[in-house]
Amino acid sequence: MSICLEYKKLKRTGFLPAFFGGGLLSAFVPIGNMMFRSEIFVNSPEPALKILFNANWQMMAMLNLFLIVIGACIMYHTEYADNAMQKMDALPIRQSSNFFSKFFILTVSIIAVLAIEAASLAFCIHHWFSLYDEFAIELLKSIGYAAILAVPTLILMTGIASICKNMWISLGVGIICMFVATMIPKTNFILSLFPFALPFQTLWDTESTRIFQFICGVGIETGVFGMAELIYLKVRRKFQ
Amino acid sequence: MSFLSLIGVELKKIQHSKILWILLIPIVLLWIPAVINADLNFDTQLEGISPENNFLVQSFMGFAWFMYPASLVICTVLLNQTERSNRGILKMFSLPISRFKLCLAKFVVLLILAVVQMVMMLTMYFLCAAIASSIQDYQFILSPLIVLKEAGMIYLSSIPMATVYWMLATCIQTPIFSIGIGLATIVPSVLAINTKMWFLYPMCYPFMIITSEMHKMATNLGTFSYKLFPWIPVAMAFTVICLVISCIRFGQVEGR
């Protein structure tokens with residue numbers, strides 16, 4: 001019920017076309033890269049997917065992060081813009097269910113974007129390399145890993161947007177976090193756990209023991225942010 | 001109402017917007033690692049760049065590539081959205097003020113905010129260079145003239161980009177698209193500066209300038225020069241066209 005409601009609110013904000021367009025744009029990154037510079041990549045001895053991820057993922061992850069930041073901002077902007085939030089408060093709906101519905105919709109949208117990106121990577125492999133047996137499983141694993149690593153960013157960004165009444169502040173905070181993430185060296189494990197830096201990681205340049213640690217980190221961060229948001233909403237309700 | 005007092009009014013409107021914090025925090029965060037890793041500046045003999053030049057140029061590159069354009073986008077959101085709540089903009093339009101003037105005043109405020117961030121960047125540079133000098137026992141502070149020249153060039157080259165963002169913000173009513181397109185245009189600027197047609201892409205100008213400056217300082221990296229023609233005429237054309245379009249489009253939806 002709550003999820004349907006949240007989805008309806010988004011109808012006129014251009015949320016879905018924006019995510020679709022963003023997905024297409026980031027899907028174009030590997031295709032464009034292969035179109036213009038295929039000779040650099042085709043002759044490399046490494047697995048095709050690894051080549052594609054190494055060459056394109058930084059840019060694609062950045063576009064995905066932009067989508068997360070803007071999507072979360074817009075979701076709460078519609079609530080705050082004309083004091084719709086106060087009307088929501090008067091309804092018999094919990095604010096937390098409101099929050100988690102938004103988080104759920106944002107997550108599903110990002111998974112859809114990742115699916116578009118996966119399709120484009122598959123197209124690249126089909127067109128410029130050759131399809132091999134384990135290719136589908138490897139692609140699913142890499143994209144699934146990317147989806148898992150995006151979860152802390154999703155919940156944190158939705159939280160930031162829920163806290164800031166003005167869109168430029170939530171947008172600013174999100175962009176600053178992204179900026180910090182771009183400065184973090186990927187080799188430093190502790191710093192890489194910063195939520196906005198996680199989506200830049202790929203399955204291909206992470207050791208197998210590290211992968212498990214990253215997934216644990218994701219679980220802990222998601223739990224902590226979720227709890228913090230619940231407490232924040234409770235406290236805010238008290239002082240309203 | 002004179003243009004200057006109109007700018008004064010616009011500045012007053014954003015007094016409590018906390019935008020200065022949004023502009024300041026990334027700059028502080030940018031310079032902290034630069035001070036902590038100041039010793040890495042001594043490892044750049046291979047590129048032929050002096051440590052003090054490297055200290056300046058690395059942080060300015062990080063700034064010009066991502067944070068500076070993104071800040072401009074955030075400022076356009078601020079300028080556009082402050083008056084949307086409670087329909088403040090409609091009240092502005094009901095006053096006997098020309099819409100063009102209002103649009104230009106807001107654009108000037110955008111340029112002022114960019115100046116403010118550049119000044120913050122410069123202040124932090126001198127502060128951090130002084131700290132790094134005392135830690136590393138090496139003179140990192142360059143002559144203010146050189147530093148001012150770099151910052152001034154980045155700023156001037158960013159004006160066409162600012163007009164493009166301002167045009168996006170005024171022409172596209174749905175915020176998700178104006179912000180989304182604005183932010184998405186930052187990403188390919190790294191690719192754009194490596195093409196021959198870079199001057200057709202205003203979002204890469206500041207990054208182009210600073211990259212070229214770095215190659216001038218790093219004698220072993222080869223040249224990465226740019227020609228003023230046809231860049232300057234193209235940049236001016238972008239500025240004028242975008243400003244005219246945004247002035248025409250500004251408030252057209254509300255004014256109906």
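This is a predicted model: local features need pLDDT of at least 70, side-chain atom pairs count only at pLDDT 80 or more; totals for chains, interfaces and linings use all residues.
Residues are numbered from 1 along each chain as its sequence is written, and chains are lettered from A and ligands numbered from 1 in the order in which they are written.

**View 1. The fold of chain A.** Chain A has nine helices and zero strands, where helices (H or I, at least four residues) and strands (E, at least two) are DSSP runs numbered from the N terminus. The radius of gyration of chain A, taken over C-alpha atoms, is 19 Å, close to the 18 Å that the globule rule gives for 240 residues, so chain A is as compact as a globular protein of that length; the rule is 2.2 Å times the number of residues to the power 0.38. Along its principal axes, the C-alpha trace of chain A spans about 65 × 35 × 30 Å.

**View 2. Helix α2 of chain A and its kink.** Helix α2 (residues 15-42) of chain A has a kink of about 85 degrees centred on Phe36(A), the bend at a residue being the angle between axes fitted to the seven residues ending there and the seven starting there. Among the buried residues of α2(A) are Phe15(A), Gly22(A), Pro30(A) and Phe41(A); a residue is buried if 20 or more other C-beta atoms lie within 10 Å of its own, exposed if 12 or fewer, and partly exposed in between, with C-beta atoms placed from the backbone. The cover over the buried residues of α2(A) includes α1 (2-10), α3 and α5 (95-128) of chain A, together with α8 of chain B.

**View 3. Val69(A) in the largest nonpolar core.** A nonpolar core is a set of buried Ala, Val, Leu, Ile, Met, Phe, Trp, Tyr and Cys residues joined through C-beta atoms within 7 Å. Of the 143 residues in the largest such core, Val69(A), Ile74(B) and Leu110(B) touch the most other members, and helix α3 (residues 48-81) of chain A gives the most to this core, with 21 residues. Leaving aside neighbours within four places in sequence, Val69(A) is in contact (C-beta atoms, placed from the backbone, within 7 Å) with Met157(A), Leu171(A), Gly174(A), Ile175(A) and Met178(A).

**View 4. The contact between the two chains.** The contact takes 26 residues from chain B and 25 residues from chain A. On the side of chain B that touches chain A, the elements that give two or more residues are α2 (19-36), α3 (51-81) and α8 (175-184) of chain B, and α3(B) gives the most, with eight residues.

**View 5. Backbone features of chain B.** Most residues other than glycine have a negative phi, and most peptide bonds are trans. Lys18(B), in the loop between α1 (3-13) and α2 of chain B, has a positive phi of about 65 degrees although it is not a glycine, and Lys18(B) is partly exposed, with 15 other C-beta atoms within 10 Å. Asp137(B), in the loop between α5 (99-136) and α6 (144-157) of chain B, has a positive phi near 60 degrees and counts as exposed, with 6 C-beta neighbours inside 10 Å. A cis peptide bond, with omega about 5 degrees, joins Phe229(B) and Pro230(B).
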